[in-house]
Structures are given as structure tokens and as C-alpha cells.
Amino acid sequence: MRFYNINDRKETATFREAVLQGAAGGNGLYFPISLTAKDGAFFDEIDNYSFTDLATEVLYDFVKEDFTRGELQDICGRAFNFSLPLAQVDRYIYVLELFHGPSLAFKDVGARFLAEVLKKIAEKAAQEITVLVATSGDTGSAVAKSFYNVQGIRVVLLYPSGKVSPLQEKTLTTLGGNITAVEVQGTFDDCQKLVKRAFADQESFGGKVLTSANSINVGRLLPQMVYYFWAWRQLENEQRDNMIFSVPSGNYGNLTAGVMAWKMGLPVKRFVAASNINRVVPDYLQTGQYNPRTAVRTHSNAMDVGDPSNFVRIREMFGDDHKRISQLIQGFVVNDEQTAEAIRDLHNKTGYILDPHGAIGYMGCRHHLQEGETGVFLETAHPAKFPDVVEEAIGESIDIPIYLKEIQNKEKQALQMPADYKEFRQWLSGHVV
Ligand SMILES: *Cc1c(COP(=O)(O)O)cnc(C)c1O
């Protein structure tokens with residue numbers, strides 16, 4: 001399967017090329033040239049698959065120019081070494097828990113897959129790969145944990161000084177080894193600019209392979225399709241033909257992957273684009289007008305995005321036909337007060353503890369679920385990552401997982417860097433050689 005640039009259909013790449021390049025020319029996004037529906041034999045067998053088997057079945061078509069089925073199976077087996085359980089929280093509502101990975105957030109699914117893919121690429125080419133990422137928190141934690149000690153890979157994480165939470169800073173700066181944290185005296189945008197300039201300037205780094213790991217990379221997007229099949233598979237037969245997914249969304253990679261799974265034949269009736277008050281997409285679904293805005297801060301800060309980078313992929317799948325898009329996807333907007341209420345309400349009724357992002361998914365599900373339907377919402381982070389909001393909402397303290405406890409006592413190690421490309425280039429060319 002080849003991938004084309006959404007902005008220029010003539011430009012295509014194999015999976016390997018698309019992964020290494022991250023973005024296509026002119027900052028375009030890569031997309032698979034076709035999404036073939038899985039056949040009856042696949043759905044007949046699905047109940048017998050492990051998560052690794054399922055991932056191999058779903059993903060093989062996309063990677064077969066570059067990897068054998070055995071290599072892919074190996075990549076998936078190593079990447080998905082944590083559980084993705086489905087739990088019932090209400091008569092007709094289930095939660096798909098995506099937070100059992102090493103950084104306790106769903107981004108581990110994409111980041112771990114990408115790490116294993118890059119490791120194989122480095123191995124085959126007998127060449128080291130340097131991954132450059134600008135992060136405002138969550139992506140960096142998942143990438144740092146997923147790429148830690150992966151052979152053949154060095155990671156450079158740039159984050160804005162004073163603009164990530166103390167806990168997140170610890171997740172970025174305490175690993176060491178092949179992970180280098182660079183604390184930039186500037187904003188997240190400054191970090192992104194440094195990364196972009198380094199990519200545009202590859203020759204300064206002596207032919208070393210530089211790549212990105214941000215959420216537009218197809219190596220992170222594709223594996224996210226798998227857990228939609230996985231959730232569906234865990235439902236009873238009579239629930240399967242009448243189900244909806246509610247997806248708490250920010251950059252819309254997660255929802256894009258769900259719609260891709262639907263295109264590949266997963267019989268989902270509808271999706272809910274569940275959003276905080278950064279409501280560009282719900283507004284587009286309602287009006288057909290897409291108006292990016294400056295993001296505002298909310299309790300669900302991993303979803304504070306004013307111009308979601310993946311949404312063009314969804315538009316692309318429907319030839320930008322607003323009517324068809326809004327028939328499949330319904331929007332729902334939840335403010336901070338309602339987020340806290342949802343956490344309190346579900347905890348009072350069942351004891352289940354949501355995080356602020358999952359709470360928005362839950363509300364979207366409750367709102368749009370119709371009679372006779374089964375709803376699944378995605379829980380994208382462990383509630384202990386957001387203790388302030390969650391403990392205030394439920395009125396008790398919550399258990400902190402060992403990983404979060406441990407890093408609090410570790411020492412921060414970060415390289416100080418002004419928001420200045422010349423200095424960054426100088427340091428990086430010494431670092432990648
Ligand atoms: C990144 C993130 C989201 C948003 O996912 P997108 O794919 O960007 O829409 C939701 N919840 C959590 C916890 C996240 O880290």
C-alpha cells in the first residue's frame with residue numbers, strides 16, 4: 001500500500017518513507033491510497049484473535065512493501081504489551097480503557113508501535129535514527145516511555161520551560177539514557193519551530209536520519225484503528241450491529257482512526273466527536289463552517305486544540321462532503337463544570353472513576369445514545385494523571401500508580417536551550433554524530 005499527500009495526490013510514499021518523513025511535502029498529511037473492507041473470513045475469525053493477531057490482520061496491507069507478516073507480528077507483539085479492556089459502566093454504556101500502557105495514556109498505543117517500527121527500520125538499514133519531538137506534555141511522556149532503551153533510536157524532546165505541569169516535566173526529564181530532554185526558553189510554538197527548521201536543514205546533520213513522532217505520523221495513526229475492532233469484538237453478538245463510539249477529541253487522530261476502521265468494514269452506526277469548549281469540529285458538524293480559533297485552557301488540557309491537525313483526513317475520506325460527514329459523526333461539547341459533574345455522577349452511581357478526558361467521552365455517549373443501541377466511549381488517560389480535578393469532583397483522594405509515585409522522587413535532567421535555531425543546530429549536530 002502506498003500513501004499519498006492530501007495536498008498533492010501525485011506525491012506518494014511507502015509506509016517506511018511516510019513514517020520517516022512524518023509530514024508530506026508542503027506540510028501535507030499522508031493518507032493510505034485505499035482502505036479496503038475486511039472480508040467475511042476476517043470477521044468469522046475475529047473472536048479467536050489476540051490483540052497482536054488482530055493488529056497484524058488489520059495493519060499488514062498497509063506495511064507489506066516494507067515488512068513481512070512475521071516482522072509485523074513481532075512489532076505488534078512487542079508494542080502492545082499491555083491490556084485494553086472493555087468495562088461496563090451503565091446498562092448500555094461501556095468504557096474502552098486505553099490507559100494501561102507505560103505513560104498511562106492512550107498515546108502509548110501509537111507511540112509504542114512507532115518505536116518498534118523505527119527500531120526495525122534502523123536495524124535493517126544498520127543506521128541510527130534520531131527522533132525529534134516538540135511537546136507540551138502528553139505526547140512527550142508517551143514518546144519518552146515508549147522509546148526508552150529502544151536500540152538504534154535516540155530521542156530529543158523539546159518542551160517549553162515553565163509551561164508543562166511539574167508532573168509532566170518529570171515524565172520528560174527523568175529517564176536519561178537514549179532520551180534527552182531540552183528545556184527551551186520559549187513557548188510550545190518556539191519548540192515546534194526549532195524542530196521544523198531542523199527537518200528543513202537535514203544536510204547540516206551529515207546525512208543522519210532525523211524523524212518526528214508527532215500525531216500526524218502514519219506510524220502513530222494506523223495502530224489506533226485496531227482498538228476499535230477490539231472493542232467491537234468484546235461486545236455480544238446482538239450489540240455489535242447497533243453500536244456507537246464516543247471519542248474525546250483534541251487533534252482528532254483518535255477519531256480519524258475510528259472512521260478509518262469503519263471504512264474497513266467495522267459496522268459502527270455513528271461516532272460522537274466529544275469535545276471540550278474548543279469546539280471547532282462540533283461547530284463544523286453543525287454548520288459546515290470550519291473556523292479555527294485560539295485554544296483556551298480546560299480541565300481536559302490534552303484536548304485544548306484550536307485547529308486540529310488530523311481533521312482534514314476525515315474530510316478527505318468523504319471528499320469534503322459535509323452532509324455525509326455529519327451523518328456519520330455527531331458533535332457534543334462539554335464545559336469544565338459539566339466535566340466535573342460527570343466524574344462525580346458516575347462515581348456516585350457506580351464507583352467508577354473517570355479522568356477529565358474520558359468524562360467528556362462519557363457525556364457524549366450519554367447524550368447521543370438512542371434506544372436499542374450500545375455505546376462505547378474511549379477512556380484516554382488514567383484519572384490519577386489529573387488528581388486536582390478528579391479528587392475535587394469525587395471528594396476523596398485517589399490511588400496513585402507506582403510509576404507516577406516513582407518519578408516524583410527522581411531528579412530532573414534537562415539541557416537548557418534558548419529559542420534560537422543556531423544554538424540548537426550546533427548542539428544537535430554534535431549530539432547526532
Ligand atoms: C491526546 C489526547 C486526547 C486527544 O486525542 P486526539 O487524537 O488528539 O484527538 C484525548 N485524551 C488524552 C488523555 C490525550 O492525551
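How many bridges join β10 to strand β11 (residues 270–275), and do these strands run parallel or antiparallel? I found 5 bridges between β10 and β11, and the two strands run parallel.

**Entry 1: Basis**

I note that this is a predicted model, in which local features need pLDDT of at least 70, side-chain atom pairs count only at pLDDT 80 or more, and totals for chains, interfaces and linings use all residues. Residues are numbered from 1 along each chain as its sequence is written, and side-chain values use heavy atoms, with hydrogens and water left out.

**Entry 2: Strand β10**

I took strands as DSSP runs (E, at least two residues), numbered from the N terminus, and two strands as paired if DSSP finds at least two bridges between them. I recorded that P248 stands opposite A274 in β11. I then looked up strand β13 (residues 374–379), which 4 bridges join to β10 in a parallel run. There, F377 is the bridge partner of S246.

Next I checked burial, where buried means under 20% relative accessible area (1.4 Å probe, protein chains only). In strand β10 (residues 243–248), 6 of the 6 residues are buried, so the strand is largely enclosed by the rest of the structure. I saw that M243, F245 and V247 point one way from β10, while I244, S246 and P248 point the other way.

**Entry 3: An open sheet**

I looked up an open sheet of 3 strands, with the order β2-β1-β3 and antiparallel pairing. Strands β2 (8–13) and β3 (30–32) stand at the edges with a single partner strand each, so one side of each has no neighbour in the sheet. Neighbouring strands of this sheet are turned by 40° against each other on average, direction ignored; the axes are lines fitted to C-alpha atoms, with angles from 0 to 180 degrees between N-to-C directions. I counted 3 bridges between β1 (residues 3–5) and β3, and F3 stands opposite P32 in β3.

**Entry 4: The ligand**

Which residues come nearest to the ligand? Of the 15 residues around the ligand, these are K107, D138, G250, N251 and T380; a residue counts as near if one of its heavy atoms lies within 4 Å.

I then listed polar contacts (pairs of N or O atoms within 3.5 Å). A backbone N or O atom of G250 lies 2.8 Å from an oxygen atom of the ligand. A polar backbone atom of Y252 is 2.8 Å from a ligand oxygen atom. For T380, a polar side-chain atom lies 2.7 Å from a nitrogen atom of the ligand. Taken alone, the ligand exposes 380 Å², of which the protein buries 96%, by the Shrake-Rupley method with a 1.4 Å probe.

How values were computed: Polar contact = N/O pair within 3.5 Å; in protein donor to acceptor, adjacent residues only side chain to side chain. Buried < 20%, exposed > 50% of the residue type's maximum accessible area, 1.4 Å probe, protein only.
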